Amino acid sequence: MLLSLFVLMACGGPSVDSGTFVPPKAGERGLPKQIAKTQRSSRSAPMGHVAYQTPILPIKFSIDSDFNIAVTYEGRIVTPLGTFELSGGAVKDRQNQALRAEPADVTQMIICRDVRTDGDCQGYRIDTGRKLHIVMDGRFVQDIERNRIILRAKAGSTITVTDNGPPRKVVPHGPARIDIEEFEFTSTSEPIEVDLERRQGGTTPDLSYSHLTGELAPINGTRIAGIKKYREKKGRWLRAPGIQLQDKLPGEYECLKIQRDAWQHRFGPKDLVADTVIACVKTAEGDLGYLVIGRDRAQKPVAYYVYSYTWVR
């Protein structure tokens, strides 16, 4: 299967005279090359690292008469997300912004008042994508599997969440299937939403590009972290002499050990100002990988060339 390659301005490498910087394509200057004839998976979607998370201990949500919620759990797996409103099935914050999606290895618990009309809710992030078993006031509520739970509870209620095993679609843990993709985002490019695991059974887009503003953004819960920036100098992609590109590319373990608070849901205003950006990515489907992003500052709006390398599990 042929790759969708960058549209390069010069076959021999980046153009220095024009002031436009073009990053290398797959197989050049240390970037890995796509394996020939990669087979699509028969699964409906990659499960990422979700299936290999350790079982969680029971989590207990206790609601008092004023609807204050106390959480009992040993560890840091539960994080409060704040107060939200449930309106027409949508969960929105006080600024009327919808609650952002999370990757597949995170579950959101939204606990709302047990009333017929829409009202206030408390949100919690549970750092697991495993199947969960939920009991409220001693009665079974539901089994849930990725990735948002909305419950209506009365004051004085107790909600207990226990582990109910890995996701249904699980394969033996072995070497990851590698997916390498390349995309060009310009004012005239198509499409504007791309899936980083599209050759390995991916079903959910991970990145979007705005033809109007030139914004490149993670979507559907995709996160980025470990951003490193480089500027072109005299035709060299990396400034540091003697350092090869492959020495700058992160490994799967390096991305896996990044602390959860370091993952961000968007690029900051200064993250993409460099000619080249390298960052770890956690896809919407829970897979880890890295992005190499080249910025074409000569085009309006700004254009990007994106190379992605994903470990699909």
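Reader: How many disulfides does a search of the whole structure find?

Author: This is a predicted model, and the search covers the whole structure. The number found is two.

Reader: What pattern do the disulfides follow when bonded cysteines are counted along the chain?

Author: With bonded cysteines counted along the chain, the pattern is 1-2, 3-4.

Reader: Is Cys-280 buried or exposed?

Author: The cut-off for a buried residue is under 20% relative accessible area. Cys-280 has a relative accessible area of 3%. Cys-280 therefore counts as buried.

Reader: Where in the chain do the partners Arg-130 and Asp-163 lie?

Author: Arg-130 and Asp-163 form a salt bridge whose closest N and O atoms are 2.7 Å apart. The pair links distant parts of the chain, 33 residues apart. Arg-130 is in the loop between strand 6 and strand 7, and Asp-163 is in strand 10.

Reader: How far apart are the closest N and O atoms of Arg-125 and Asp-127?

Author: At 16% relative accessibility, Arg-125 counts as buried. Asp-127, at 18%, also counts as buried. The closest N and O atoms of their salt bridge are 2.6 Å apart.

Reader: Which residues are linked in a network of salt bridges?

Author: The count for the structure comes to 11 salt bridges. Arg-125 and Asp-127 form one of them, and both residues belong to the network. The linked residues are Glu-102, Arg-125, Asp-127, Arg-223, Arg-260 and Asp-261.

Reader: Which residues lie nearest the centre of the second largest pocket?

Author: The second largest pocket holds about 480 Å³ of space and is lined by 20 residues. Glu-102 and Arg-223, which belong to the salt-bridge network, are among the residues nearest the centre. The residues nearest the centre are Leu-81, Arg-100, Glu-102, Arg-223 and His-265.

Reader: How many residues of the lining are charged?

Author: Strand 3 gives the most to this lining, with three residues. The lining of the second largest pocket includes seven nonpolar and four polar residues. Its charged residues number nine.

Reader: Which residues form the uncovered face of strand 7?

Author: In a regular strand, side chains alternate between the two faces of the sheet. The covered face of strand 7 holds Leu-132, Ile-134 and Met-136. The uncovered face holds His-133 and Val-135.

Reader: What is the bridge partner of Val-135 in strand 10?

Author: Strand 7 and strand 10 pair in the antiparallel sense over five bridges. In strand 10, the bridge partner of Val-135 is Thr-160.

Reader: Is Asn-96 buried or exposed?

Author: Asn-96 lies in the loop between strand 4 and strand 5, and has a positive phi of about 65° although it is not a glycine. Its relative accessibility is 53%, and the cut-off for exposed is over 50%. Asn-96 therefore counts as exposed.

Reader: What is the omega of the cis peptide bond that joins Lys-300 and Pro-301?

Author: Most peptide bonds are trans. Pro-301 lies in the loop between strand 17 and strand 18. The cis bond that joins Lys-300 and Pro-301 has an omega of about -5°.

How values were computed. Residues numbered from 1 in each chain as written. Predicted model: local features only at pLDDT ≥ 70, side-chain atom pairs only at ≥ 80, totals over all residues. Heavy atoms only, no water. 1 Å grid on protein atoms, 1.4 Å probe; cavity = no way out; pocket = protein on both sides within 12 Å on 5 of 7 lines; lining within 4 Å. Points joined across faces, edges and corners; volume = space filled by probe spheres on them. Helix = DSSP H or I, 4+ residues; strand = E, 2+ residues; numbered from the N terminus. Nonpolar A, V, L, I, M, F, W, Y, C, P; charged D, E, K, R; others polar. Salt bridge = Lys/Arg side-chain N within 4 Å of Asp/Glu carboxyl O. Buried < 20%, exposed > 50% of the residue type's maximum accessible area, 1.4 Å probe, protein only. Disulfide = S-S within 2.5 Å. Pairing = 2+ DSSP bridges.
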